[in-house]
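Here is a short briefing to read alongside the structure. Keep the viewer open as you go through the points below.

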Amino acid sequence: MKRTPHLLAIQSHVVFGHAGNSAAVFPMARLGVNVWPLNTVQFSNHTQYGQWTGEVLAPQQIPALVDGIEAIGELGHCDAVLSGYLGSAAQGRAILEVVRRIKAINPRALYLCDPVMGHPQKGCIVAPEVSDFLLNEALAVADVLCPNQLELDSFVGRRPDSLADCVAMARTLLARGPQAVVVKHLDYPGKSAEDFEMLLVTAEQAWHLRRPLLAFPRQPVGVGDLTSGLFLARLLLGDGLLHAFEFSAAAVHEVLLETQACGSYELQLVRAQDRLAQPRVRFTAEPV
Ligand SMILES: Nc1ncnc2c1ncn2[C@@H]1O[C@H](COP(=O)(O)OP(=O)(O)O)[C@@H](O)[C@H]1O
Ligand SMILES: Cc1ncc(COP(=O)(O)O)c(C=O)c1O
Ligand SMILES: [Mg+2]
């Protein structure tokens, strides 16, 4: 029987709705991964409501919780670490130390970093020091980096002028650490207004994917977190990079279709659970 992979997921938790772990844990588990959620913050709701209550986890809790897992002899079963929304830069440093410890026991373990940065116009609020941590420290340790366009621009320090330039920008990141970069949401001059576009870039190859852009009265949140989580889950389940990329795009599209059909602001993950596990749509990535 094939072994069920284990994944340590370190990102935000919201009590109501879906962002961070609250957008990714159930879908990853639904695909067949044992998820170990470690919540960097526990907020009432995501920050794009403009108000929330709750607390940031003390950074020393991250190694303390991992110590507990090690003490019961389970840490070596961890196949991957996912990090997303961080409450502080100190939490980020604690996560890199955890990655180092896990890789020391299991050198094949993967680290996927979704470099969630603040986006004031969108209402995504992240502590400013977190961006510096991601740019200066996390990039070098990540095996896979999953930025959106804004985050890619921050890493490279400029805006792209074309799709080819987005590929070139992602390649400059490969030189600084990761083996693959997934740009979960592209935005460049000349991009078609009807499509939502993504990019997968490795040292040798680059693939571009389009899916239909859906109309929402208010853009749902947690889409990036869902995308990164599903991509990593499929890698752990044995997909190659390209298949995991195409799968995550299709599964996220299914969730968005269900969300749109319900007229909901929050992602309809429970209603879309069968569709996300077995997407009916398929998007083929094209080499660029
Ligand atoms: N097919 C789609 N149609 C319309 N909007 C989409 C689609 N896919 C994703 N989105 C929206 O695009 C945005 C992606 O957000 P962005 O900040 O660029 O990336 P991330 O979610 O990784 O942070 C989200 O607001 C999400 O709701
Ligand atoms: C608590 C929390 N986690 C994660 C996110 C990231 O969400 P997304 O995947 O849409 O970038 C947000 C965005 O506002 C958030 O408020
Ligand atoms: Mg994001």
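Let's begin at one glycine: G229 is buried, with a relative accessible area of 0%. Please keep in mind that this is a predicted model.

**Around G229**

- G229 sits in helix α7, which covers residues 223-236.
- Leaving out residues up to four places away in sequence, G229 touches M28 and L82.
- V25 lies 204 residues from G229 in sequence, yet the C-alpha atoms of these two residues are 7.7 Å apart in space.

**Nonpolar cores**

- The largest nonpolar core has 52 residues, and L8 and L134 are the ones that touch the most other members.
- A second, separate core holds 46 residues, V33, F216, L236 and L256 among them.
- Which residues does L134 contact, leaving aside neighbours within four places in sequence? The partners of L134 are L86, C113, P115, V116, M117, L139 and F155.

**Helix α3 with helix α4**

- Helix α3 spans residues 89-105 and helix α4 spans residues 128-141. Their axes come within 9 Å and cross at roughly 15 degrees.
- An angle under 35 degrees counts as roughly parallel, so α3 is roughly parallel to α4.
- The crossing of α3 and α4 is right-handed.
- On the α3 side, the contact is made by A89, G92, R93, L96 and V99. On the α4 side, E129, V130, F133, E137, A138 and V141 take part.
- Sorted by class, this contact of α3 with α4 has seven nonpolar residues, one polar residue and three charged residues.

**Helix α2 with helix α3**

- Helix α2, residues 61-71, packs with α3 at an angle of about 20 degrees, and the axes are 9 Å apart.
- That angle makes α2 roughly parallel to α3.
- Is the crossing of α2 and α3 left-handed or right-handed? α2 passes α3 in a right-handed crossing.
- From α2, the residues I62, P63, V66, D67 and E70 meet Q91, A94, I95, V98, R101 and I105 of α3.
- By class, the contact of α2 with α3 is made up of seven nonpolar, one polar and three charged residues.

Key: Residues numbered from 1 in each chain as written. Chains lettered and ligands numbered in written order. Predicted model: local features only at pLDDT ≥ 70, side-chain atom pairs only at ≥ 80, totals over all residues. Heavy atoms only, no water. Core = buried A, V, L, I, M, F, W, Y, C linked by side-chain atoms within 4.5 Å. Buried < 20%, exposed > 50% of the residue type's maximum accessible area, 1.4 Å probe, protein only. Contact = heavy atoms within 4.5 Å. Axes fitted to C-alpha atoms, helices over the stretch in contact; angles between N-to-C directions. Helix = DSSP H or I, 4+ residues; strand = E, 2+ residues; numbered from the N terminus. Parallel < 35°, antiparallel > 145°, perpendicular 65-115°, else oblique. Left-handed = near helix turned anticlockwise from the far one by under 90°. Nonpolar A, V, L, I, M, F, W, Y, C, P; charged D, E, K, R; others polar.
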